Amino acid sequence: MADIYIVLIVSLISWAGIFFYLIRLDLCLKKMEKRYEE
Amino acid sequence: MNLCKYLLGIWMILVLLGAFLYAPTALGLGHLSRIIYFHVPLAWVGVLAYFIAMLNSISYLKRGSLLNDQIAVVNAEIGLIFTLLATVTGAVFARYTWGVFWNWDPRQTSIFVLLLIYGAYFILRSAVEDEEKRARMASVFSIIAFISVPFLVFIIPRVYATLHPDPIISFESGFQMDSKMFQVFLASLIGFTGIYGWIASLYYRYLVIRTRIEGDLNNG
């Protein structure tokens with residue numbers, strides 16, 4: 001049973017990593033789009 | 001629009017919590033059955049991405065807009081990555097139920113052929129220099145490649161005897177899934193589709209900026 005909690009925690013950390021990476025990518029693209037429009 | 005992204009973040013946290021803590025395990029499989037909440041949505045997104053790639057390839061051949069070709073590439077790439085992830089999760093399931101990661105089961109063979117077909121799509125693209133010619137050839141290939149998807153994903157694994165668990169909805173046994181499992185499964189399908197939409201839009205925006213910059217550089 002303890003194993004399932006370890007898998008859950010690893011999955012949550014992985015998702016957090018992917019999520020913040022995508023958010024950062026989104027912001028970078030927004031900055032580039034803005035700079036390009038100016 | 002930003003709110004949707006944060007909602008997706010929370011949604012996927014709930015899906016993970018639901019998959020590991022809320023949904024019961026399937027009889028005989030134990031905790032291993034929880035892989036269904038990731039393996040099937042990954043495969044679903046792969047097929048969806050290939051379908052969108054095919055639609056955009058048809059649009060390119062009709063209208064000749066390179067924009068459609070770019071959307072097709074983005075979707076084919078995402079489809080390939082998600083199919084690869086579905087293959088990996090499937091192999092993990094196989095290891096703990098059948099004893100080996102890979103045994104050329106009809107399901108595994110058909111997904112391998114699918115990966116080869118879409119791998120060839122990118123090899124074809126990299127082999128042609130001329131932009132218009134490349135887009136035209138890749139579009140035709142993408143349409144033909146998608147025709148093989150229903151055969152490889154849905155028909156062949158059902159025709160031949162396979163070790164793969166029965167589909168959730170089958171013609172012989174109808175619908176079979178615990179209601180709690182189904183709730184998490186549906187939520188996962190929605191969540192993964194959302195992630196796909198987000199990645200596709202990011203990738204597309206990146207390609208648009210890159211094309212603009214390259215155009216500007218070429219024009220001096």
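These legends describe close-up views of a predicted model.

**View 1. Chain A meets chain B.** The contact brings together 15 residues of chain A and 13 residues of chain B. On the chain A side, 12 residues are nonpolar, 1 is polar and 2 are charged.

**View 2. Helices α3 and α6 of chain B cross.** Helix α3 of chain B spans residues 66-97, and helix α6 of chain B spans residues 179-218. Their axes come within 10 Å. The crossing angle is roughly 135°.

**View 3. Side by side in the contact of α3(B) with α6(B).** From α3(B) come Q70(B), I71(B), V74(B), N75(B) and I78(B). They meet Y196(B), I199(B), A200(B), Y203(B), Y204(B) and L207(B) of α6(B). By class, this contact holds 9 nonpolar and 2 polar residues. No charged residue takes part in the contact of α3(B) with α6(B).

**View 4. Helices α3 and α4 of chain B cross.** Helix α4 of chain B covers residues 106-127. The axes of α3(B) and α4(B) come within 10 Å and cross at roughly 155°. Angles over 145 degrees count as roughly antiparallel, so α3(B) is roughly antiparallel to α4(B). The crossing of α3(B) with α4(B) is left-handed.

**View 5. Residues in the contact of α3(B) with α4(B).** α3(B) supplies A76(B), G79(B), L80(B), T83(B), L84(B), T87(B) and G90(B). α4(B) supplies Q108(B), I111(B), L114(B), L115(B), Y118(B) and Y121(B). The contact of α3(B) with α4(B) divides into 8 nonpolar and 5 polar residues.

**View 6. Close-up of Q70(B).** Q70(B) lies in helix α3 of chain B. There are 19 C-beta neighbours inside 10 Å of Q70(B). A buried residue needs 20 or more, so Q70(B) counts as partly exposed. Leaving aside residues up to four places away in sequence, Q70(B) touches Y204(B) and L207(B). Both Y204(B) and L207(B) belong to the α6(B) side of the contact with α3(B). A53(B) is 17 residues from Q70(B) in sequence. In space, the C-alpha atoms of Q70(B) and A53(B) are 9.2 Å apart.

Technical notes
Residues are numbered from 1 along each chain as its sequence is written. Chains are lettered from A and ligands numbered from 1 in the order in which they are written. This is a predicted model: local features need pLDDT of at least 70, side-chain atom pairs count only at pLDDT 80 or more; totals for chains, interfaces and linings use all residues. Two residues are in contact if their C-beta atoms, placed from the backbone, lie within 7 Å. Ala, Val, Leu, Ile, Met, Phe, Trp, Tyr, Cys and Pro count as nonpolar, Asp, Glu, Lys and Arg as charged, and the others, Gly among them, as polar. Axes are lines fitted to C-alpha atoms, for helices over the stretch in contact, and angles run from 0 to 180 degrees between N-to-C directions. Helices (H or I, at least four residues) and strands (E, at least two) are DSSP runs, numbered from the N terminus. Angles under 35 degrees count as roughly parallel, over 145 as roughly antiparallel, 65 to 115 as roughly perpendicular and the rest as oblique. A crossing is left-handed if the near helix is turned anticlockwise from the far one by less than a right angle, and right-handed if clockwise. A residue is buried if 20 or more other C-beta atoms lie within 10 Å of its own, exposed if 12 or fewer, and partly exposed in between; C-beta atoms are placed from the backbone.
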